[in-house]
Amino acid sequence: MVPLPPPPSSAMVPASSAGGLKVSEGARLLKAASSRDLAMDSLRAETRALEAEITALRRACVELPDPGADTTRVRRSFQEIRQSDSEGWESSKDLRSHLGHLESELLFLSTLTGINIRNYSQRTEDIMNAEMTETGTKKVLQRHRLSGNCHMITFQLEFQILEIQNKESVSSVITDLSIIMEPTDYSELSEFVSRAEERRDLFMFFRSLHFFVEWCEYRKRTFKHFKEKYPEVVHLSEGASSSCMGIRSPRQPGFELIIVWRIQIDEEGKVLPKLDLLTQVPLQALELDKNRVVETAPFSFRTLLGVLGIEATLESLIKSLCTEEN
């Protein structure tokens, strides 16, 4: 059996340090998407200009001058068109090279964060009045709209950024944020999205969504691993994507341990796993439990998690309940 990969790194990194990395990655992701679209617009404009020049060249070929016309002027005209074409193609090559670089950077960031931006658009609006003109202050309102996904979770974002420029500095602030999530089975996301919208914290949204999905994938891999290793003992009521794992003793009918694995997002956006142990024990066994082992099992389970970690704790539970030597 191939060992499981390590859990997401957010379990060991405080929210502040992990957030700093993801904030910069989110900013680079948006910047790359915006630059790519601007480069595409420039490339389209350049293409239209070239098409216009080609049309003019064809018209000059069709409408040939009279034999007595000034051939020097015609020759100069063709030379100007040819020079313009050459400069245009050089500019197009630069744009294509820049666009390829941006697409490579965007692919790298998408692979690193798991966040893919499928559609992106931006509109800008200059806000001016007499007072700002006198003080030399300029305000620009940027309206952004994008859609994408983080693995199996899809989203749509609409947000506004107000940029204030003066002679000394440039500052910007998010003035409005709207997040639309496709329906999912993850109820934890609903409250988190509302909190991100209220705070207008775009980077917390991307950072926490990334770690949340990582923990979901890790839980899925862990449950699948134990189901394949102990198929007669481990039961997943909702398949590998389940948030609960049942451990049933083949020798003791009615005796079952249930692992409830939730993934929580706190007020600051830090993503943490929360595992609890539930027991289902026949009444006769409870009456014989003089040492209150069943009653204290959930507390002992949390202690084991702190000492052994998630995988080793689950392994020890399965073995203690179901191996022949016990």
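# A guided tour of the predicted chain

The accessible surface of the chain comes to about 19,700 Å², and 52% of that area belongs to carbon and sulfur atoms; such areas come from the Shrake-Rupley method with a 1.4 Å probe, and for residues only the protein chains shown count as cover. This is a predicted model, in which local features need pLDDT of at least 70 and side-chain atom pairs count only at pLDDT 80 or more, while totals for chains, interfaces and linings use all residues. Residues are numbered from 1 along each chain as its sequence is written, and side-chain values use heavy atoms, with hydrogens and water left out.

**Whole chain.** Begin with a cartoon view, where the chain shows eight helices and eight strands; helices (H or I, at least four residues) and strands (E, at least two) are DSSP runs, numbered from the N terminus. Of the 326 residues, 36% are buried, where buried means under 20% relative accessible area, exposed over 50%, and partly exposed in between (1.4 Å probe, protein chains only). Among contacts with a separation of 6 or more, 57% come from residues 24 or more positions apart, a contact being heavy atoms within 4.5 Å.

Select residues 115-127, which form strand β1 and pair with β2 in the antiparallel sense over twelve bridges; two strands pair if DSSP finds at least two bridges between them.

Most residues other than glycine have a negative phi. His151 is partly exposed, at a relative accessible area of 47%. Now move to Arg200, in the loop between α4 (188-199) and α5, where phi is again positive, near 55°; Arg200 counts as partly exposed, with 40% relative accessibility.

Centre the view on Ile259 and show its surroundings: leaving aside residues up to four places away in sequence, Ile259 touches Ser243, Cys244, Met245, Ile247, Leu275, Asp276, Leu277, Phe301, Leu314 and Leu317.

**Aromatic pairs.** Next show the rings of Phe, Tyr and Trp (its six-membered ring), which pair if their centres lie within 6.5 Å, with planes under 30 degrees apart counted as stacked, over 60 as edge-to-face and the rest as tilted. By this rule the count comes to seven aromatic pairs. One of them, Tyr218 with Trp261, is edge-to-face, at 5.9 Å centre to centre and 80° between the planes. Tyr218 lies in helix α5 and Trp261 in strand β7 (residues 256-265), so the pair ties together parts that are 43 residues apart in sequence. Tyr218 is buried at a relative accessible area of 2%, and Trp261 is buried at 0%. Elsewhere, ring pairs link Phe155, Phe192, Phe205 and Phe206 into a cluster.

**The four-stranded sheet.** Finally select the open sheet, whose four strands run in the order β5-β6-β7-β8 with antiparallel pairing. Its edge strands are β5 (234-235) and β8 (271-280), each pairing on one side only. Between β7 and β8 there are ten bridges in the antiparallel sense, and Ile258 stands opposite Leu278 in β8. Helix α7 (residues 293-308) packs on the sheet, touching β7 and β8, with its direction at about 150° to that of β8. Helix α8 (residues 310-322) also packs on the sheet, touching β5, β6 (244-248), β7 and β8, and its direction makes about 30° with that of β6. For these angles, axes are lines fitted to C-alpha atoms, for helices over the stretch in contact, and angles run from 0 to 180 degrees between N-to-C directions.

**Last stop.** End at Phe299 in helix α7, an exposed residue with a relative accessible area of 56%. Phe299 and Asp276 are 23 residues apart in sequence, and their C-alpha atoms are 9.0 Å apart in space.
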